[in-house]
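User: I would like to go through a protein structure step by step. Could you help me read it?
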Amino acid sequence: MDYYKLGLKSGIEIHQQLEGKKLFCECPTLIRDDAPDFIIKRKLRAVAGESGKTDVAAQQEQIRNKTFVYQGYSDTTCLVETDSEPPHEMNKDALYTTLQLSKLVNAHISPIVQVMRKTVIDGSNTSGFQRTALISRNGVIETSEGIVRIDNLSLEEDACKIISENENEKIYRLDRLGIPLIEIGTAPDIKTPQQCLETAKKLGMLLRSLPNVKRGLGTIRQDVNVSIKEGRRIEVKGAQDLKMIPKLVELEVKRQLELVKIKNELDGKKLNSLKIFDLSSLLKKSQSKVILAAFKDKGKVMALRLEGFFGMIGRELQPNYRVGTEFAGRAKIKAGVKGVFHSDELPNYGISEEEVSLIKKELKCSEKDAFVLVAASENKCKVALSAVYERALELFEGIPKEVRRAQEDGTTRFLRPMPGAARMYPETDIPMIKTNSYAVELPELLEEKIKRYQKKFNLAFDLAEFIAKSDKAKLFEEFVKSYKTIKPAFIADVLTSILLEIKRKYQLDPRKLTDENFRDFFKYLSEDKIHKDIALDVLIDMIKGKFDIKKYAGLGTEEIHKIIKAIIDNNPNAPMGALMGLCVKELAGKASGKVISEELKKLTN
Ligand SMILES: [Zn+2]
């Protein structure tokens, strides 16, 4: 595809979590998986804003009338997260980090920061709004295909994590609510899918150059917006994997092209008005599982006719994603129904050819018409079919204004209508902040840091990159400075590869190791109280809380050698495996299996 000719315009929005304390309280930014200590229940209501208008998205959410359940922890969430107490002062470290990033991209920093409230009514914020503060504007980064402007850099609070959802209830957890998030929004300057990837990578690199950004899965989220000349700006949320970004853009362009084609074909035509038919008695003997299940729940089978739509519903918009998938997606989100069938895919799913003819006759379908069928409770059928009809009408307009969710294969699904503008109003509980009192120092860029580690500490590129990108870079610098006798490569290894090995081979969580644990480790190592060959065993003992220096003290290679030699001498005819077993038993926790086996081989040869 010639993206220049198609007029592709794309922008990226990145959300990056920060380490430390929450944005408006002193709780830690700890994500937890253990059982919560308490729950609270709330309902949210949409109200008109100052302009007198009520947000469309908010209204739609209220129609669903859900109860929101929030799970909290008494030691790591407080009254701010439950919205029972006003927010505290803004976290100064988080603000400083955002100011640093602003400088890195040459953005213009606002002299005064005003925190705003952004309406959110899906329940993911207990207050019904998200606090957000614009920190700087008009930055710029360079890519190989030209510059990309940074429209805005904001600091905001993360929302609750969703645990589960059913028809009546949404369950959220409060641990993630309030974690500081840096939001970076670029201008729509990106012109190709590859440039989109390059931009995301570059911004990711800048973020990781900052001292306190969170690392790991789920700590950074990328949204991409895409439009083509004849199309419309569509927001695609949740690109998990950077590598998927070019495909995501490509497939959204394809979807828009297909929808424009359909719009042109429909030009001058009109859709029949909405009429819903009850086919329950007509299909009462049907063997279709979905229909049988609906009847069992005292439900119905209902359908609508779409004039002139024959062949249209099966049209592919993205690989394995058809107009019919779009219909079904809307029906599912608006009414929660699963079984949506259309004439382009029938007979199938237990619905016979004979039944299809009966349906067509009942709906007065001509050869050029199509129909859509739903089996569920009467009310759900009606809501679902109305949603399908609405989506069919939108085909005449081209591309509907909506927010879509990225799938793993690069296709997208309808998520919700595009929220209207003017959803923000000032947060009056937090005083305005003057930024000129901050003396902002530029952080060292990640690329520079990797180069420095290679040059100054003689690390191989991979190891230099590994340690520079990890959250242990600061500790690494501390130890190379304090312990000149220990090789920097070994220090880097302990802080990266060995931790990875502990996780992979021993299924233990190396995150349990504190900075103090590492400080102890290198101190004992420098004092020759532990040997570097048993680093793994020492760290494992520390994770298990079983570390005791007395156990290791004085046990150098010499000692290990002596013990193994004694075992061999006492068991002259024992086979290798048995000797190994005896040595491991004797030296448990004092020498690693690797060291024992090597020593054993040396001594028996
Ligand atoms: Zn708190």
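User: At what angle do helix H15 and helix H16 pack, and how far apart are their axes?
Analyst: This is a predicted model, in which local features need pLDDT of at least 70 and side-chain atom pairs count only at pLDDT 80 or more, while totals for chains, interfaces and linings use all residues. Residues are numbered from 1 along each chain as its sequence is written, and side-chain values use heavy atoms, with hydrogens and water left out. Helix H15 (residues 515-526) and helix H16 (residues 535-544) pack at an angle of about 145°, and their axes are 11 Å apart. Helices (H or I, at least four residues) and strands (E, at least two) are DSSP runs, numbered from the N terminus. Axes are lines fitted to C-alpha atoms, for helices over the stretch in contact, and angles run from 0 to 180 degrees between N-to-C directions.

User: Which residues meet there?
Analyst: From H15, Asn517, Phe518, Asp520 and Phe521 meet Ala535, Val538, Leu539 and Met542 of H16. Contact means heavy atoms within 4.5 Å. The residues of this contact divide into six nonpolar, one polar and one charged. Here Ala, Val, Leu, Ile, Met, Phe, Trp, Tyr, Cys and Pro count as nonpolar, Asp, Glu, Lys and Arg as charged, and the others, Gly among them, as polar.

User: What do the buried residues of H13 pack against?
Analyst: They pack against helix H11 (461-469), helix H12 (473-482), helix H14 (497-506), H15 and H16. In helix H13 (residues 488-495), the buried residues include Phe490, Ile491 and Leu495. Buried means under 20% relative accessible area, exposed over 50%, and partly exposed in between, with a 1.4 Å probe and protein chains only.

User: Now the sheet, please. In what order do the four strands come?
Analyst: The order in this open sheet is E14-E15-E19-E18, with antiparallel pairing. Strand E14 (276-278) and strand E18 (340-342) are the edge strands, each pairing on one side only. From one strand to the next, the twist averages 25°. Two strands pair if DSSP finds at least two bridges between them.

User: How many bridges join E18 to E19?
Analyst: Three bridges join E18 to strand E19 (residues 370-376). Phe341 has Leu373 in E19 as its bridge partner.

User: Which strands does helix H8 lie across?
Analyst: Helix H8 (residues 353-363) lies across E14, strand E15 (300-306) and E19, and runs at about 105° to E19. In the loop between E18 and H8 one finds Pro347. The peptide bond from Leu346 to Pro347 is cis, with omega near 0°.

User: Is Asn320 buried or exposed?
Analyst: Asn320 is exposed, because its relative accessible area is 64%. By contrast, Cys196 is buried, because its relative accessible area is 0%.

User: How many disulfides are found in the whole structure?
Analyst: The search finds zero disulfides, a disulfide being a pair of cysteine sulfur atoms within 2.5 Å.

User: Finally, how many helices and strands are there in the protein?
Analyst: The protein has 20 helices and 23 strands. Of its 605 residues, 49% count as buried. Its C-alpha atoms fill a box of roughly 95 × 70 × 55 Å, taken along the principal axes.
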